[in-house]
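Here's a quick briefing to read alongside the model. Take a look at the structure first, then come back for the notes.

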Amino acid sequence: MDFLTLLQVLDSTVRLATPLLLACLAGLFSERAGVFDIGLEGKMLAAAFFSAAIAAITGDVWMGLGAGIAASLALSIVHGLASITFRGNQLISGVAINFLAAGLTVLIAQDWFSQGGRTPSLIGQGRFGPITLPGAEALSGVPVLGPIYAELISGHSILVYIAFLTVPLTWWLLFRTRFGLRLRAVGEAPEAVDTAGVSVVTLRYVAVGICGILCGIAGAYLATALQAGFVKDMTAGRGFIALAALIFAKWRPWYALYACLLFGLLQAVALRYQNIDLGAFVVPVQFMDALPYILTVVILAGFVGKAIPPRAGGEPYVKER
Amino acid sequence: MTLMTKLSGAVAALALTAGAVAAEPALIFDLGGKFDKSFNEAAFNGAKRWAEETGDSFREIELQSEAQREQALRRFAENGNNPIVMTGFAFGNVLAEVAPDYPETKFAIIDMVVDEPNVRSVVFNEHEGSYLVGMMAAMASESGTVGFIGGMDIPLIRKFACGYAQGVKAINPDANIVANMTGTTPAAWNDPVKGSELTKAQISQGADVVYAAAGGTGVGVLQTAADEGILSIGVDSNQNYLHPGQVLTSMMKRVDNAVYEAMTAGTDLETGINVMGIANGGVGYALDEHNAELVSAEMQAAVDAASAQIASGELQVHDYMSDDSCPALSF
């Protein structure tokens with residue numbers, strides 16, 4: 001593998017890891033506050049559709065991004081209502097959101113655009129274009145570092161940079177602020193938070209809301225930056241891979257970054273080399289596709305350190321009387 | 001009470017007359033949906049053409065789930081609809097079970113062979129159409145490397161790839177063909193993001209024409225090809241209009257003709273296997289105002305010559321599904 005190929009694979013890794021990373025951090029906020037969310041997939045899908053649809057109608061991608069975030073937030077509120085206010089089962093609510101989004105997006109797309117559940121192709125201002133970072137042109141002549149800067153770091157859409165900046169921001173918010181401490185506490189011991197006079201319900205709603213916003217950006221990235229429009233079921237299981245990455249990362253922001261980059265790399269390698277010939281035997285492409293899930297199972301089984309979810313995760317909080 | 005009796009009498013009479021005229025044909029769309037801009041929509045267009053020309057009407061249903069296949073088939077058959085046309089290989093097993101129960105009803109299935117006395121199985125020679133677009137790809141390519149992106153890795157899609165590769169090699173025996181499949185699950189039909197990444201990977205390997213036989217994933221392939229300034233080839237229906245001037249051509253599968261013919265034949269529908277190839281206008285390549293500038297006269301002449309040779313049987317394009325192997329491409 002020569003240097004240029006390596007760069008191209010890594011470049012592809014960044015593109016593929018970005019939606020995973022955003023969805024993974026979304027899940028991190030929600031689950032750290034004690035609300036399991038398997039509806040990441042559905043929220044991304046709804047956001048992908050509404051961002052593409054509104055961007056197609058208005059011709060302005062920022063309006064699209066706003067619409068995508070709003071759609072994802074709306075589903076988050078449904079999840080919050082079901083699992084926080086009405087203390088329903090969080091997994092069932094998540095599954096319901098996935099189904100709702102899968103059906104609703106195609107139905108509305110058909111009604112609005114009559115293109116077989118697609119949105120029209122976005123053009124010009126309707127898409128997030130690549131951003132060339134300052135100095136990328138000038139530095140590209142520098143050996144090794146130049147191409148890395150010009151090819152790998154520069155030239156992505158703004159949402160990629162937002163996604164990567166979200167990682168330190170999440171870490172700071174969760175581990176260096178009072179809000180973060182309370183949010184983590186609400187996922188471990190909500191009764192303690194309640195005793196301290198802080199509202200468990202409000203905190204959980206805020207967490208679920210942040211989750212909605214991040215899923216919204218992830219969906220908009222898929223439909224308006226990577227692609228130029230919505231196609232039915234276009235998330236293709238990325239919400240679930242993000243969940244796997246979250247477990248793999250043991251619910252920590254920096255690990256989430258590494259996990260998503262690893263899963264992105266696996267995908268990029270699988271796409272670039274269909275079957276990898278290791279000399280002695282050939283690794284089939286299916287194995288590469290399945291590897292994220294296999295790694296997650298290995299982690300869950302406790303072979304490589306233990307993944308312990310937030311203690312109060314999955315349980316609705318009932319005030320003691 | 002008397003009013004009630006009268007009413008129910010009227011309803012019964014209505015039901016009877018409805019039964020009497022219900023020999024209208026029925027069309028069942030597969031899960032892709034009626035307006036998928038591709039396969040199912042082509043079927044709908046064929047039925048619409050039939051309805052407009054004859055002034056008759058037809059019944060139709062869009063499936064929402066796997067479980068509805070048998071239900072929809074039986075309902076139309078019980079209702080007396082004849083013939084019943086369905087799109088998609090996925091109906092194969094269900095139809096094999098249902099067809100013997102309704103020996104008086106004629107069924108037509110597209111893209112699958114069901115061996116029952118009252119079933120017409122319409123199959124397309126996709127390898128022949130792919131051969132033609134493969135020739136065009138090889139002539140349009142400047143780098144000598146062309147790409148193929150399939151959807152789910154099934155024999156049918158390999159048939160596309162194999163025909164394409166043979167067409168490419170016919171023009172340029174030294175050409176390099178980069179063939180990738182999107183995945184091995186049905187999700188591979190609807191993953192434009194992966195389609196884009198595969199296209200970028202193929203471009204970096206030198207491909208300057210890519211052929212997408214991948215359903216919704218193909219939307220991403222065509223988009224990325226247009227963004228990156230290379231040519232792409234659409235599939236099933238005419239997709240040239242998606243990116244005018246950047247889609248070289250589309251491999252057309254005339255599902256509309258198949259449906260039109262089945263409905264025109266009506267209850268006299270001829271059963272058995274009906275092969276739609278180049279010879280009878282079943283497959284071909286698309287030429288319209290969106291790609292007129294891309295297709296040179298030389299290209300068109302070469303393709304039309306090959307087309308005539310295939311039609312006359314002079315040129316045989318190898319069918320991957322006949323022996324699960326491909327002379328021009330290894331998977």
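How far apart are the centres of domain 1 of chain B and domain 2 of chain B, taken over C-alpha atoms? They sit 33 Å apart. Keep in mind that this is a predicted model: local features need pLDDT of at least 70, side-chain atom pairs count only at pLDDT 80 or more, and totals for chains, interfaces and linings use all residues. Residues are numbered from 1 along each chain as its sequence is written, while chains are lettered from A and ligands numbered from 1 in the order in which they are written.

**The two domains of chain B**

- Domain 1 of chain B covers 2-124, and domain 2 of chain B takes in 127-252 + 282-323; the bounds come from an automatic or database domain assignment.
- Six residues of domain 1 of chain B touch five residues of domain 2 of chain B, where contact means that C-beta atoms, placed from the backbone, lie within 7 Å.
- On the domain 1 side of chain B, helix α2 (residues 39-54) of chain B gives the largest share, three residues.

**A helix pair in chain A**

- Helix α2 (residues 40-58) of chain A packs against helix α4 (residues 90-113) of chain A at an angle of about 15°, with the axes 7 Å apart; helices here are DSSP runs (H or I, at least four residues), and axes are lines fitted to C-alpha atoms over the stretch in contact, with angles running from 0 to 180 degrees between N-to-C directions.
- Among the residues making this contact are A:Phe49 of α2(A) and A:Trp112 of α4(A).

Technical notes: Helices (H or I, at least four residues) and strands (E, at least two) are DSSP runs, numbered from the N terminus. Two residues are in contact if their C-beta atoms, placed from the backbone, lie within 7 Å.
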